[in-house]
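I opened this notebook to keep track of what I looked up in one structure. The entries follow the order in which I checked things.

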Amino acid sequence: MESKTSISQKVKAFIASLPKEVIGGAKKIRRNDGFGDNILPFELYRNTRQNIERVADQINKSFDFGIYDGCAVLMRRLIEMLLILSFKENKIETEVLGSNGNYLNLSDIINKAIANRTLDLSRNAKEYLDPFREKGNLSAHNPFHNARKKDLELIQPKFRHLVEELFYKSGIFK
């Protein structure tokens with residue numbers, strides 16, 4: 001029986017003998033963990049915040065694996081997270097806190113974000129917010145609704161735009 005050292009040396013020698021294209025391709029597969037970036041591009045959210053990266057990865061994974069209702073709910077969740085971070089970044093978090101100290105529901109947060117001059121959301125962002133809330137709510141709460149791949153493909157460009165703008169408003173991008 002061969003020792004662990006000699007097996008390890010043989011594996012290292014074999015890997016070293018492979019063409020660089022083969023080794024580079026393997027790194028790409030591992031980096032993406034077997035899922036694509038069909039909803040949010042990796043380069044948009046990589047190296048932001050761990051909680052943002054995890055939710056964004058879950059959005060992409062759920063889309064790739066056909067879990068479209070889950071994807072819609074996670075898209076809604078990411079928008080809610082980014083809106084709250086935007087209010088915090090602009091030192092106006094109290095506007096989205098209720099008298100009990102908890103955050104308001106998303107529809108109230110959206111209304112406050114749209115009206116808020118400090119956040120200064122673009123016209124497009126204001127237009128996109130509520131439809132994503134509605135889509136996530138339908139997928140979470142309506143027993144007769146089933147999100148479809150095409151539903152999410154049609155709204156993907158607006159979602160990417162909205163997330164990118166909220167990254168700036170929340171201070172994640174400078």
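The entries below go from the overall fold to single residues.

**Entry 1. Confidence**

I started with the confidence values, since this is a predicted model. The mean pLDDT of the protein is 89, and 82% of its residues reach 70 or more. I then asked which element has the lowest mean pLDDT and which the highest.

**Entry 2. Fold and totals**

I counted secondary structure next. The protein has eight helices and zero strands, and its pattern along the sequence is α-α-α-α-α-α-α-α.

**Entry 3. The largest nonpolar core**

How many residues are in the largest nonpolar core, and which of them touch the most other members? The core has 45 residues, and those touching the most other members are Leu 40, Ile 59, Leu 78, Leu 82, Leu 83, Phe 159 and Phe 167. I listed the elements that give two or more residues to this core: α3 (42–45), α4 (50–64), α5, α6 (106–115), α7 and α8 (149–169). The largest share, 13 residues, comes from α5. For background, in soluble globular proteins nonpolar side chains tend to be buried together.

Leaving aside neighbours within four places in sequence, Leu 82 is in contact with Ile 52, Val 163, Leu 166, Phe 167, Ser 170 and Ile 172.

I asked which residues of α6 are buried. They are Leu 106, Ile 109, Ile 110 and Ala 113. Seen down the axis of α6, these buried residues fall within an arc of 100 degrees, so they line one face of the helix. An α-helix has 3.6 residues a turn, so residues three or four places apart point the same way. The buried residues of α6 pack against α5 and α7.

I then moved to Arg 133, which is found in helix α7, residues 123–141. Is Arg 133 buried or exposed? Arg 133 counts as buried because its relative accessibility is 17%, and the cut-off for buried is under 20%. Leu 106 and Ile 110 are among the buried residues of α6.

**Entry 4. Aromatic pairs**

I counted six aromatic pairs. The rings of Phe 63 and Tyr 68 have their centres 5.7 Å apart and their planes at 65 degrees, so I recorded the pair as edge-to-face. Both Phe 63 and Tyr 68 are buried. Tyr 168 and Phe 173 form an edge-to-face pair, with 5.2 Å centre to centre and 75 degrees between the planes. Tyr 168 counts as partly exposed, at 46% relative accessibility. I also noted a cluster in which ring pairs link Phe 35, Phe 42 and Tyr 45.

**Entry 5. Backbone and a glycine**

I looked for positive phi in residues other than glycine. Asn 47 has phi near 60 degrees; Asn 47 is in the loop between α3 and α4 and is exposed, with a relative accessible area of 75%. Asp 120 has a positive phi of about 50 degrees. Asp 120 lies in the loop between α6 and α7 and is exposed, with a relative accessible area of 52%.

The last item was Gly 70, found in helix α5. Gly 70 counts as partly exposed, at 24% relative accessibility. The C-alpha atoms of Gly 70 and Ile 59 are separated by 7.9 Å, and the two residues are 11 residues apart along the chain. Ile 59 had already come up among the core residues that touch the most other members.

Terms used:
Residues numbered from 1 in each chain as written. Predicted model: local features only at pLDDT ≥ 70, side-chain atom pairs only at ≥ 80, totals over all residues. Heavy atoms only, no water. pLDDT = per-residue confidence, 0-100. Helix = DSSP H or I, 4+ residues; strand = E, 2+ residues; numbered from the N terminus. Buried < 20%, exposed > 50% of the residue type's maximum accessible area, 1.4 Å probe, protein only. Phe/Tyr/Trp six-rings, centres within 6.5 Å; stacked < 30°, edge-to-face > 60°. Core = buried A, V, L, I, M, F, W, Y, C linked by side-chain atoms within 4.5 Å. Contact = heavy atoms within 4.5 Å. Arc of directions from axis to C-beta.
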